[in-house]
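Let's take the next model.

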Amino acid sequence: MSITIHPPLETELRAKAEAEGISVEAYLERLLRADQDAMDELEALATEGLKSGDPIEAGPNYWVEKHRQLDERLNRTHSR
């Protein structure tokens, strides 16, 4: 497969691959695997969050109370 990228990006890509002692192809594979791993972790965390307890109705009152709590906590932090 052939991919065309802008020369400055290609230079950076080659330099990073060389610094790690691997080919550009191997470096790109590593980046793609890391990206997939991050997506898998995000999905696992989202699923864990969905299964973590009873759902919360996040209507206007929820956000007003959440902001009040955050303001209160921020005020305590700044008063130290």
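How does the lining of the largest pocket divide by class into nonpolar, polar and charged residues? This is a predicted model, where local features need pLDDT of at least 70, side-chain atom pairs count only at pLDDT 80 or more, and totals for linings use all residues. Residues are numbered from 1 along each chain, and side-chain values use heavy atoms, without hydrogens or water.

The answer is seven nonpolar, one polar and four charged; Tyr, Cys, Met and Pro are among those counted as nonpolar, Asp, Glu, Lys and Arg are charged, and Gly is among the polar ones. A pocket here is an open set of points on a 1 Å grid, reached by a 1.4 Å probe, with protein on both sides within 12 Å along at least five of seven lines, and lining residues have an atom within 4 Å of a point. The space comes to about 410 Å³. Among the lining residues are Met-1, Ile-5, Glu-10, Arg-14 and Leu-32. The largest share, five residues, comes from α2.

Now the helices, which are DSSP runs of H or I with at least four residues. The axes of α1 and α2, lines fitted to C-alpha atoms over the stretch in contact, come within 9 Å and cross at roughly 90°. That makes α1 roughly perpendicular to α2, a term for angles of 65 to 115 degrees. Leu-13, Arg-14, Lys-16 and Ala-17 in α1 meet Val-24, Tyr-27 and Leu-28 in α2, with heavy atoms within 4.5 Å.

Terms used:
Points joined across faces, edges and corners; volume = space filled by probe spheres on them. Helix = DSSP H or I, 4+ residues; strand = E, 2+ residues; numbered from the N terminus. Axes fitted to C-alpha atoms, helices over the stretch in contact; angles between N-to-C directions. Parallel < 35°, antiparallel > 145°, perpendicular 65-115°, else oblique.
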